[in-house]
Amino acid sequence: DIVSSDFPIVTRTDFSDTTFLLEILHPAMAKAAKPGQFVIVMVNEHGERIPLTIADFDRQRGTITLVIQAVGKSSREMQAECRVGGTLFGMVGPMGIPSHVSDAKKVICVGGGLGVAPIFPQARAFKENGAYVIGVVGFRSANLIFWEHKFRSVCDEFIICTDDGSAGLKGLVTQGIEGAIAEHGDIDEVVAIGPPIMMRACAEATRPHKIKTMVSLNPIMVDGTGMCGGCRVRVGGRIKFACVDGPDFDGHAVDFDDLMQRLKRYRPQEQQSLEQWDE
Ligand code: FES
C-alpha cells in the first residue's frame, strides 16, 4: 500500500446536487490502481475514514478519480470542503483485491447509483480483453446521468434505465439485464455494482439462467486491512472480510439480508451526526 501526505484535488465536477467527482493527483497510486479496488480518504484531521471505490485512474495524468454521493455527514463535508486547489488530508490505497477480469466473451456491466462510476473501469477492462460489452446503468432521472460518452466509447451496447422514464428505458436495471439476456442468450458473465438491494435483484435476475454474477460489496469499513472485522459479510455460509477478501464476491452466494442488516446498524448515530453537522 502507498501512504503519502499530500493529495491535491485537481478536478471537481458536480453531476447533480448530490453527486460529484474529484480527481486527485497521486501518480504512484494511479500507477498501482486496478479496477475494483478502493481507497480510504480523510477530508481533514478529524474526519471519518471514508472508503470509496476507485471510479477511474489515469496513469498518464497520474490521477485517481472518485465519485461521491453526498448522503451522510462525511460525504457532505467532502462536498462542502473539497475544491480544486485544495488537498485531502489523507488517502490510502489502493486496497482490496482487484476485480478479476475474466476471459468472458460477452458480459453485461451493470451500475446503479453510486455504482455507475466504478463499473466504468471494469467495462473498459473487459473491452480491452476483447469482450463484447453490454453496459446497463440506472439513474433516478435524466438530469442525473453522467459519463454517457465514456460508457459508449467502451460498450458495444449501452442501455440507460431511469426510474421515471425521462431517459432511456423506464424501469430498473434488472429490466435492462433481462432484455439483454433475452436478446443474446450467450452472456457469460454479469458484473453489478450499486446499492445492495440492486445487486441482489441483479443476482436474482441471472440465477435462473445460471450466469456467473459478480457484485462489489460496500459494508461499513474502518481500517480496511482485515483487522477490525467491521466489514464482515456472509458469503456461501462463510464469514469474509470485504476489505481484504473482496470487495468482489459471487452474487449468487452473498447473504444480502445480512449485509443490509449490518449497514442499518449505525443509522441512528449517522443521522445524529448529520444533524449536528447541519446545525
Ligand atoms: Fe476492518 Fe475490513 S474494514 S476488517
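How does the radius of gyration of the protein, with 279 residues, sit against that of a compact globule? I looked this up before anything else. The protein has 18 Å, which agrees with the value near 19 Å that a compact globule with 279 residues would have. The radius is taken over C-alpha atoms, and the globule rule is 2.2 Å times the number of residues to the power 0.38.

**Ground rules.** I'm working from a predicted model, where local features need pLDDT of at least 70 and side-chain atom pairs count only at pLDDT 80 or more, while totals for chains, interfaces and linings use all residues. I number residues from 1 along each chain as its sequence is written.

**Overall.** I checked the span of the C-alpha trace along its principal axes and got about 50 × 40 × 35 Å. I found 9 helices and 18 strands; these are DSSP runs numbered from the N terminus, with helices being H or I of at least four residues and strands E of at least two. Buried residues make up 45% of the 279 residues. Here buried asks for 20 or more other C-beta atoms within 10 Å of the residue's own, with C-beta atoms placed from the backbone.

**Two domains.** I looked up the domain assignment, and it gives domain 1 (2-95) and domain 2 (106-264); such bounds come from an automatic or database assignment. Their centres, taken over C-alpha atoms, are 21 Å apart. Domain 1 brings 16 residues to the contact and domain 2 brings 18, where two residues are in contact if their C-beta atoms, placed from the backbone, lie within 7 Å. On the domain 1 side, strand 4 (38-42), strand 5 (50-53) and strand 7 (63-69) each supply at least two residues.

I traced an open sheet of 5 strands in the order 6-7-3-2-8, with antiparallel pairing. Strands pair if DSSP finds at least two bridges between them. Strand 6 (56-58) and strand 8 (87-88) are at the edges with a single partner strand each, so one side of each has no neighbour in the sheet. Strand 2 (residues 7-14) pairs with strand 8 over 2 bridges, in the antiparallel sense. I also noted Pro8 opposite Thr87 in strand 8.

**Helix 6.** Which residues of helix 6 (residues 196-206) are buried? I listed Met198, Met199, Arg200, Cys202, Ala203, Ala205 and Thr206. Their cover includes strand 10 (106-112), helix 5 (173-184), strand 14 (189-193), strand 15 (212-216) and helix 8 (256-264).

Note on methods
Buried ≥ 20, exposed ≤ 12 C-beta atoms within 10 Å, placed from the backbone.
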